[in-house]
Amino acid sequence: MIWFLSLNPILQGLLATLFTWFITALGSSVVFFFKDVKKSILNSMLGFGAGVMIAASFWSLLNPAIELCEDLGYNAWLIPTIGFIMGGLFIVLSDKFLDKFTLKDLKLEDSMKLKSYKKSILLVLAVTLHNIPEGLAVGVAFGGAAFGIPGCTVASAILLAIGIGLQNFPEGAAVSLPLRREGFSVGKSFLYGQASGLVEPIAGVLGVFMAISIRSILPILLSFSAGAMIGVVSSELIPEACIENKNLTTIGVIVGFSIMMILDVALG
């Protein structure tokens, strides 16, 4: 742990997001052993990850953005609100684009095999797209810690990466297993599944670089990341996890939120 704290923040962000990608790959690897995984297990993990991300979006991102605005002399409620809304709209508009693209393809193509193939590729694209703000959030958290922003610590950034990593496991499985069921080989199913998480290290390094290079826009970056994470949780994680057993998902969210809140406040 000590060696990690001594690293350059860009390296910290890179290693943390490489961890989140590794967990995605680990989730994708279940395709080598199973054709399906018990839904209740995946739902619980998605719920727990969602709870962690909800808590982190406030204590590790939004609240530090508010405090930094006060330090910089900015409007303490306007800037974080704008950033938060922008992050949420980014996810909403991205989902709209993917929905429109899917419907267009389904109308144009008559072949069931081609429909199935395109649906599988769109699944990979959808997961990949929403992994971008997750990687960005981790990177910005490490960048904020490097600046010594109140509420932003390396410990809270690490906890955020762990929370995102936990919900990446079922995401990896959620990509590779359907691909396998659609007729893809085991190798290709795993390859596409883990590839959906490769954008996180790229976004993570970009987030750190932007945070430490342009301090004046850090409140926007922090609040944007918070809004994007809430968007991902509300549009992707919780709806997916509540399809079969919403009670397990609810328990997972409460436990994840509580643990992240306790650790973040205690360590912050």
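1. Thr 128 has its place in helix H5, which covers residues 112-147. The model discussed here is a predicted one. With a relative accessibility of 17%, Thr 128 counts as buried, because the cut-off for that class is under 20% relative accessible area. Leaving aside neighbours within four places in sequence, Thr 128 is in contact with Ser 196 and Val 199. The C-alpha atom of Thr 128 is also separated by 9.4 Å from that of Gly 193, a residue 65 positions away along the chain.

2. On the overall architecture, the secondary structure of the protein chain amounts to 10 helices and 0 strands. Read along the sequence, the pattern is accordingly α-α-α-α-α-α-α-α-α-α. Of the 268 residues in the protein chain, 46% count as buried. Among contacts with a separation of 6 or more, 85% are between residues 24 or more positions apart. The chain exposes about 12400 Å², and carbon and sulfur atoms supply 73% of that area.

3. The UniProt record, an unreviewed entry, carries the annotation "transmembrane region" for residues 12-34, 41-62, 74-94, 121-142, 148-169, 190-212, 218-238 and 250-267. Two of these spans may be set against the model. Residues 12-34 are 74% helix and 0% strand, with end C-alpha atoms 34 Å apart. Residues 218-238 are 100% helix and 0% strand, and the end C-alpha atoms of this span lie 28 Å apart.

4. Which residues form the nonpolar patch on the surface? The patch is made up of Trp 77, Leu 78, Ile 82 and Met 86. Together these residues have about 390 Å² of accessible area. Met 86 is located in helix H4, residues 78-108, and Ile 82 is found in helix H4 as well. Met 86 is partly exposed, at a relative accessible area of 39%. Ile 82 is likewise partly exposed, at 36%.

5. The C-alpha atoms of Ile 82 and Phe 224 are separated by 8.0 Å, although the two residues are 142 positions apart along the chain.

6. Is Ser 223 buried or exposed? Ser 223 is buried, with a relative accessible area of 0%. The place of this residue is in helix H9, residues 218-241. Leaving aside neighbours within four places in sequence, Ser 223 is in contact with Leu 62, Ala 65, Ile 79, Pro 80, Gly 83 and Phe 84. The side chain of Ser 223 has a polar atom 3.2 Å from the backbone oxygen of Ile 220.

7. Thr 249 lies in helix H10, which runs over residues 246-267. Thr 249 is buried, with a relative accessible area of 2%. Beyond neighbours within four places in sequence, the residues in contact with Thr 249 are Asn 43, Gly 47, Ala 241 and Cys 242. According to the UniProt annotation, one "transmembrane region" covers residues 250-267 and another covers residues 41-62.

8. Leu 26 is situated in helix H2, residues 9-28. With a relative accessible area of 37%, Leu 26 is partly exposed. The C-alpha atoms of Leu 26 and Asn 168 are 8.9 Å apart in space, while the residues are 142 positions apart in sequence.

Notes
Residues numbered from 1 in each chain as written. Predicted model: local features only at pLDDT ≥ 70, side-chain atom pairs only at ≥ 80, totals over all residues. Heavy atoms only, no water. Patch = residues over 30% accessible without salt bridge, like charges linked within 9 Å, V, L, I, M, F, W, Y side chains within 5 Å. Areas by Shrake-Rupley, 256 points an atom, 1.4 Å probe, with all protein chains shown as cover. Salt bridge = Lys/Arg side-chain N within 4 Å of Asp/Glu carboxyl O. Helix = DSSP H or I, 4+ residues; strand = E, 2+ residues; numbered from the N terminus. Buried < 20%, exposed > 50% of the residue type's maximum accessible area, 1.4 Å probe, protein only. Contact = heavy atoms within 4.5 Å. Polar contact = N/O pair within 3.5 Å; in protein donor to acceptor, adjacent residues only side chain to side chain. UniProt positions renumbered as here; feature names shortened; annotations may be inferred.
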